[in-house]
Amino acid sequence: LISYSTKIAVYNVGTGDFDDEITGLTTGKMFQWINFAGKAIGVNEGADNPQYFTDTSTHGDLAGSWPKGLCIAEWSNRVWIGGDSTNVALLTGSKLNDPTDITGGGTPTGGVSQTVGDSKDPIIGMFGFFDMLLVGKKNALYKVVAGSGYPPTNGQYLEIRPVYTKDADSTGFTSQWAITQVGNDVIYLDGYDIKRLSGIQEFGDVESASVIPHFKDYLKSIADKNYLQYTQFFHYKKLQQIWVSIPTSATTHFVFVLDYRFKEVTGRFSFYPMYNLELTCINGIENGDVLDIYAGDESGFVNQLDV
């Protein structure tokens, strides 16, 4: 699936073209997608109703009267949508195993709806991490966890707690597309800095630290702050890499690779710039046991990389 202009299109293997399937969406908005219960489900920055795609005859607005979400995640057998065009701090979870229903709040299998933190401070991104859902704002992180003695699938007893770091750093998410996991660390963009969050599976303080110290000064010098929220991460597990595309203007990007193959020996990531690539989005397609890496670019093409 791809989104462009006001449309969502699907790749036609027979013709090698993308066929438009969903039209009439708000132009210029970027989608974030998850796969859940046989559906691809996406939101486009709170501009339109969440969209779903099952096949070429089954797609469109996601049923269930969902908010117009700013970001989306899958965690603990539920679809979670963060924010809304009119309620930016609202966290909404579906019924257990049913992305088309958000009713039944206050019951173990029902939907979940809760304002996270300051009601005027928008939810930027979310990330399912083992037994918790991380919910990030610009300068704050929260975690949704199970109440004592209950599984995280029990929506009646979920709790929202702030995430505190040892150095009292006001860390947060900058882009919903720039959050991934390597081992027991969450790697994410925080302003102009790429950080790792460690220890969040444990009770108590956690540690946040720059992946490549001092690199943020360079990123700050080249990145366009007006488009920083569209930064893209892709975890290319096949080569133990994180591909990164940071906008340097409305139409240009700085693309580089963070390599962690030798991190256990060196204690840090390696860095490789990738020149002459204007990648607007990066994702993977299953190929056996691995994901092949594909990217959309400013010219309107989708290309397979690393071939």
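**Labels and the values behind them**

Q: Why is Ser65 called exposed?
A: In this predicted model, Ser65 has a relative accessible area of 69%, and because exposed means over 50%, Ser65 is classed as exposed. Ser65 is placed in the loop between β7 (58-61) and β8 (71-75), and, although not a glycine, Ser65 has a positive phi of about 55°.

Q: How do you know that His214 is exposed?
A: The relative accessible area of His214 is 68%, and since the label exposed requires over 50%, His214 is counted as exposed. His214 lies in the loop between β19 (207-210) and α1 (215-222), where its phi, near 75°, is a positive value in a residue other than glycine.

Q: Why is Tyr11 called partly exposed?
A: Tyr11, which is found in strand β2 (residues 7-12), has a relative accessible area of 44%; because buried means under 20% and exposed over 50%, with partly exposed in between, Tyr11 is partly exposed.

Q: What makes the nonpolar surface patch, and what is its area?
A: The patch is made by Tyr11, Val13, Phe18 and Val302, and has an area of about 370 Å².

Q: Which kinds of residue line the second largest pocket?
A: Its lining divides into eight nonpolar, seven polar and eight charged residues. The pocket has a volume of about 530 Å³, and of its 23 lining residues, Ile124, Lys138, Phe173, Thr174 and Gln229 lie nearest its centre.

How values were computed:
Residues are numbered from 1 along each chain as its sequence is written. This is a predicted model: local features need pLDDT of at least 70, side-chain atom pairs count only at pLDDT 80 or more; totals for chains, interfaces and linings use all residues. Side-chain values use heavy atoms; hydrogens and water are left out. Patches are made of residues with over 30% relative accessible area and no salt bridge: like charges are joined within 9 Å, nonpolar side chains (Val, Leu, Ile, Met, Phe, Trp, Tyr) within 5 Å. Accessible areas come from the Shrake-Rupley method with a 1.4 Å probe; for residues, only the protein chains shown count as cover. A salt bridge is a side-chain nitrogen of Lys or Arg within 4 Å of a carboxyl oxygen of Asp or Glu. Helices (H or I, at least four residues) and strands (E, at least two) are DSSP runs, numbered from the N terminus. Buried means under 20% relative accessible area, exposed over 50%, partly exposed in between (1.4 Å probe, protein chains only). On a 1 Å grid over the protein atoms alone, a cavity is a set of points where a 1.4 Å probe fits but cannot get out, and a pocket is an open set with protein on both sides within 12 Å along at least five of seven lines; lining residues have an atom within 4 Å of a point. Grid points are joined across faces, edges and corners, and a volume is the space filled by probe spheres set on the points. Ala, Val, Leu, Ile, Met, Phe, Trp, Tyr, Cys and Pro count as nonpolar, Asp, Glu, Lys and Arg as charged, and the others, Gly among them, as polar.
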